[in-house]
Amino acid sequence: TPVQSHGVSYAEISKQPAILYLYTGNDYYRKFAVAAQQRIFDHHMLIDGIPSSQEGLAGTTALNEHETCDITDHPWTWSYMLQATGNGSWGDHIERACFNAHPGATRDDWKGIQYFGSPNQFLANLNCDHDTTRWFGSRRMAYAPNPAQLIGCCGGNKHRCLPNYVISMWMKTADNGLAATLYGPSTVSAKVGSEQRQVQIAQKTNYPFEEEIRFHIMTDRPVSFPLLLRIPAWCHAPQITLNGGAVRTVKRDGLAVVRRTFRPGDVVTLHLPMNVTITEWPNHGVGVERGPLVYALPIEAKWSSVAEAAYSSEEFPTWQADPVGAWNYGIVADPKQIEITQAPASRSIEASSW
């Protein structure tokens, strides 16, 4: 049944049984945590990876929105689910939210965020809130340093989202291995294998804007340990190679296990082919997806700013976005007729060490 709860509170509370399981090993807590999340996925999940949460959890229509705090808190909960279950599918949920809902609710300069955001939004001004509950009236889809005015939750919570992604990228396994659970440029150092030898792995990629992820093994001597790589559910033909050649893997719970003796300079390459898919949503809606990304129509926006006393300033104003051209049009829902091009270099992800 649908959940009757404040969305942020549900995210914060529902992580507790997962944490209890990690400390006690009592499987009741793990099952309880999984069931609590399944109710979210069954009744409230929007296409950009975050459940509708117009304060309270709501439906999945074209008008439904989510509060920006949920973009931080639900992936945070799912990181505990990933630890408690060892199932890679929780990484799928985390990346979908962080790659889609998060940037949609954030200005590129990080000086303004939304209080409410919607995947089906074509206005972002002080008079466009299409919250179906009509609890707050209108204004909270504009971008501001503190979009909730008297409530500071989103402004104080938003900065946690990407750091939480980073600290969940690598996890140790019970059999002295390492699991690459989320993808992006990173370097991890850990002691692995039965002899607890030091190893460093550099993950090099422009994911999710490219399909290939390369893991460079750095160690002063050969070391045996299991390396686990998350295989997203959307990828139907993953390929894993070692130094360009085939390598034996075992799949378990959304993860591919490469168990072998690694040598200095080894490179494990994971190729995740991304196909364009069309998904159906309520109100005759369709979604265009490719890998972990959800695409939007390129509606040209006109941005304007205003300083609101006590809520924003000339340096950190409230920003409004209105469409310049036509927005009320659709697409031919045939994935074979949709072409995805590489993102401009200025918007690509630069390789770095996290």
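At what angle do helix α2 and helix α4 pack, and how far apart are their axes? In this predicted model, the angle between α2 (residues 16–24) and α4 (residues 68–85) comes out at about 35°, and the axes sit 9 Å apart. The crossing of α2 past α4 is left-handed. On the α2 side, the contact draws on A18, I19, Y21 and L22, while α4 puts in Y80, M81, Q83 and A84. Sorted by class, that makes 7 nonpolar residues, 1 polar and no charged ones.

Turning to the nonpolar cores, the largest has 57 residues. W170, Y183, I201, F215, L227, L229 and L270 have the most contacts inside it. Helix α5 (residues 89–104) supplies the largest share of this core, with 6 residues. Leaving out residues up to four places away in sequence, L229 touches A180, Y183, F215, I240, G254, L255, A256, V268 and L270. Another core, of 9 residues, lies apart from the largest one and includes Y115, F116, C128 and A148.

Most peptide bonds are trans, and most residues other than glycine have a negative phi. The bond from Y207 to P208, though, is cis, with omega near 10°; P208 belongs to the loop between β8 (197–205) and β9 (212–218). Positive phi values turn up at E55, near 70°, and at N243, near 55°. E55 falls in the loop between β1 (53–54) and β2 (56–57), and N243 in the loop between β11 (239–242) and β12 (245–246). As for accessibility, E55 is buried, at a relative accessible area of 7%, whereas N243 is partly exposed, at 47%.

Notes
Residues are numbered from 1 along each chain as its sequence is written. This is a predicted model: local features need pLDDT of at least 70, side-chain atom pairs count only at pLDDT 80 or more; totals for chains, interfaces and linings use all residues. Side-chain values use heavy atoms; hydrogens and water are left out. Axes are lines fitted to C-alpha atoms, for helices over the stretch in contact, and angles run from 0 to 180 degrees between N-to-C directions. Helices (H or I, at least four residues) and strands (E, at least two) are DSSP runs, numbered from the N terminus. A crossing is left-handed if the near helix is turned anticlockwise from the far one by less than a right angle, and right-handed if clockwise. Contact means heavy atoms within 4.5 Å. Ala, Val, Leu, Ile, Met, Phe, Trp, Tyr, Cys and Pro count as nonpolar, Asp, Glu, Lys and Arg as charged, and the others, Gly among them, as polar. A nonpolar core is a set of buried Ala, Val, Leu, Ile, Met, Phe, Trp, Tyr and Cys residues joined through side-chain atoms within 4.5 Å. Buried means under 20% relative accessible area, exposed over 50%, partly exposed in between (1.4 Å probe, protein chains only).
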